[in-house]
Amino acid sequence: MSAVLSQSNEFSIVARRNCSMSPRALLAFFLVTAVLSLLIAMAWAMAGVWWVLPFAGVEIGALGIAFIAFGRRVGDFERIHLDESRLVVEVCERDRVCRHEFVPAWAKVETRRVGLGSEVVVRCRDQQVVVGRYLDEGGRELLVRELSARLRERRF
């Protein structure tokens with residue numbers, strides 16, 4: 001998560017998935033893991049336990065599928081920008097960006113309990129957007145507190 005607070009009373013925050021490995025590093029990690037797994041499986045196969053090889057193949061395939069599924073969502077983000085005249089919420093999932101604009105004087109930020117966690121809802125009249133998916137519980141509380149305070153400043 002990164003936040004930019006400016007002196008001109010604007011508020012902007014961008015939340016992204018936690019991607020600690022670059023795509024190149026992820027590919028290198030996958031290749032090293034696959035080679036090690038195959039070497040160990042081949043050693044067991046040469047010792048007479050040949051049925052380890054199919055399980056190693058399934059393991060490597062499952063790991064590859066998981067990395068591909070994760071890699072397809074790496075670019076997802078949520079951007080919230082508040083200025084004097086509007087509150088803009090952009091949610092990017094896969095390659096699709098949904099943009100929602102609210103009037104700051106009428107917008108509300110709420111926390112809603114879902115299962116063991118919570119979600120943050122930006123609401124204005126009949127329109128609402130769920131944000132804060134890439135934040136932990138503390139980050140969501142901080143987002144609600146900060147954005148609510150800034151929205152209160154813009155009420156009539």
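This is a predicted model: local features need pLDDT of at least 70, side-chain atom pairs count only at pLDDT 80 or more; totals for chains, interfaces and linings use all residues.
Glycine 61 lies in helix 2. I then took the distance to arginine 123: glycine 61 and arginine 123 are 62 residues apart in sequence and 43 Å apart in space, C-alpha to C-alpha.

Entry on the fold. I counted 3 helices and 8 strands in the protein chain. Their order along the sequence is β-β-α-α-β-β-β-β-β-β-α.

Entry on dimensions. I noted a radius of gyration of 23 Å for the protein chain, whereas a compact globule of 156 residues would have one near 15 Å. The C-alpha trace spans about 80 × 30 × 25 Å along its principal axes.

Entry on burial and surface. I recorded that buried residues make up 33% of the 156 residues. Of the contacts with a separation of 6 or more, 47% are accounted for by residues 24 or more positions apart. The protein chain exposes about 10300 Å², and carbon and sulfur atoms supply 61% of that area. On charge, I listed 22 positive and 18 negative side chains, with the centres of the two sets 2 Å apart.

Entry on helix 1. I traced helix 1 over residues 23-46, which is 24 residues. From first C-alpha to last, helix 1 reaches 34 Å, close to the 34 Å expected at 1.5 Å a residue. Its buried residues include Leu26, Phe30, Ala34, Ser37 and Ala41. I set beside this list the rule that an α-helix has 3.6 residues a turn, so residues three or four places apart point the same way. What covers the buried residues of helix 1 includes helix 2 (52-72). After helix 1 comes glycine 48, with a positive phi near 105°.

Which phi does arginine 94 have, although it is not a glycine? I read a positive value of about 55° for arginine 94. Most residues other than glycine have a negative phi. Arginine 94 is found in the loop between strand 4 (87-93) and strand 5 (96-102), and its relative accessible area of 45% makes it partly exposed. Arginine 125 also has a positive phi of about 55° without being a glycine. I placed arginine 125 in the loop between strand 7 (117-124) and strand 8 (127-131). With 64% relative accessibility, arginine 125 counts as exposed.

How values were computed:
Residues are numbered from 1 along each chain as its sequence is written. Side-chain values use heavy atoms; hydrogens and water are left out. Helices (H or I, at least four residues) and strands (E, at least two) are DSSP runs, numbered from the N terminus. The radius of gyration is taken over C-alpha atoms; the globule rule is 2.2 Å times the number of residues to the power 0.38. Buried means under 20% relative accessible area, exposed over 50%, partly exposed in between (1.4 Å probe, protein chains only). Contact means heavy atoms within 4.5 Å. Accessible areas come from the Shrake-Rupley method with a 1.4 Å probe; for residues, only the protein chains shown count as cover. Lys and Arg count as positive and Asp and Glu as negative; His and the chain ends are not counted. The place of a charge is taken as NZ of Lys, CZ of Arg, CG of Asp or CD of Glu. The expected span of a helix is 1.5 Å times one less than its number of residues.
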